[in-house]
Amino acid sequence: MKYSRQRELVREAVEKSSIHPTADEVYQEVRKREPTISLATVYRNLNQLSENHLIRRVVVPGDSDHFDHTLKEHEHMICTQCGCVVDIWPKSSLWEYFSGMEEAQITGYDLTLYGVCKDCAQKQSGAAEEDAQQE
C-alpha cells in the first residue's frame, strides 16, 4: 500500500482516539486538519487500513462499525446501555485455544461480548442508592 496523506490522517485519528471511533467520528476529527476530505475517502481509507491489518474493524450489529488502533490480541464488549465499545483482555489466549482445534484450521475469529460498561454500572448503582434513600 503506497503512502497517502489522507490515509495517514485517518490512521492517526483512529490511533489518537481514546474511544473506538466510528467512521463518522473519524471523519469529524480528520476534517479539523483536512477540511476538504470527503466521508467517502474516510470510509475507503478505513477499509484499506483494516484490510491491511493496520487497524481493527469492530463490527457492531445494528449499528455503525467502530475502529480500534490496538492490534494486540484482545476482545471487545458492547455496552447494552450506552453502546460504547470496551476493550476486554482475557486472562488466557482464545487464539491459542481456537488455533489448536483438530476439527478445522482456524484462520481468524471475531468475538463480541455484551454487557454494561463501568461508567453505566456506576450510574446504575448511584441511581439505586438514590432511590433507596428516597424511600
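Which elements each supply at least two residues of the lining of the largest pocket? I looked this up first, and found β1 (56-58) and β3 (75-79). Strands here are DSSP runs of E, at least two residues, and helices are runs of H or I, at least four residues, both numbered from the N terminus.

I note the basis. The model is predicted, so I keep to its limits: local features need pLDDT of at least 70, side-chain atom pairs count only at pLDDT 80 or more, and totals for chains, interfaces and linings use all residues. Residues are numbered from 1 along each chain as its sequence is written, and side-chain values use heavy atoms, with hydrogens and water left out.

**Pocket**

I looked up the volume of the largest pocket and got about 420 Å³. A pocket is an open set of points on a 1 Å grid over the protein atoms alone, where a 1.4 Å probe fits, with protein on both sides within 12 Å along at least five of seven lines; lining residues have an atom within 4 Å of a point. Grid points are joined across faces, edges and corners, and the volume is the space filled by probe spheres set on the points.

I listed 16 lining residues, of which H53, R56, L71, Y109 and D110 lie nearest the centre of the pocket. The largest share, 3 residues, comes from β1. By class I have 5 nonpolar, 6 polar and 5 charged residues. Ala, Val, Leu, Ile, Met, Phe, Trp, Tyr, Cys and Pro count as nonpolar, Asp, Glu, Lys and Arg as charged, and the others, Gly among them, as polar.

I then checked H53, which sits in the loop between α3 and β1. H53 has a positive phi of about 60° and is not a glycine. Most residues other than glycine have a negative phi. At 61% relative accessibility H53 is exposed; the classes are buried under 20%, exposed over 50% and partly exposed in between (1.4 Å probe, protein chains only).

**Core**

I found 14 residues in the largest nonpolar core, and V10, V26, V30, V42 and L46 have the most contacts inside it. Such a core is a set of buried Ala, Val, Leu, Ile, Met, Phe, Trp, Tyr and Cys residues joined through side-chain atoms within 4.5 Å. α1 (5-16), α2 (23-31) and α3 (39-51) each give two or more residues to this core. Leaving aside neighbours within four places in sequence, V10 is in contact (heavy atoms within 4.5 Å) with V26, V30, V42, N45, L46 and L49.

**Single residues**

I looked up Y43 in helix α3 and found it partly exposed at 38% relative accessibility. Beyond four places in sequence, Y43 is in contact with A23 and D24. T22 lies in the loop between α1 and α2 and is buried, at 12%. With residues up to four places away not counted, T22 touches S64, D65, H66 and F67.

**Cysteines**

I searched the whole structure for disulfides, pairs of cysteine sulfur atoms within 2.5 Å, and found 0. For C82, the nearest cysteine sulfur is that of C84, 3.5 Å away. C82 is partly exposed at 48%. For C117, the nearest is that of C120, 3.6 Å away. C117 is buried at 7%.
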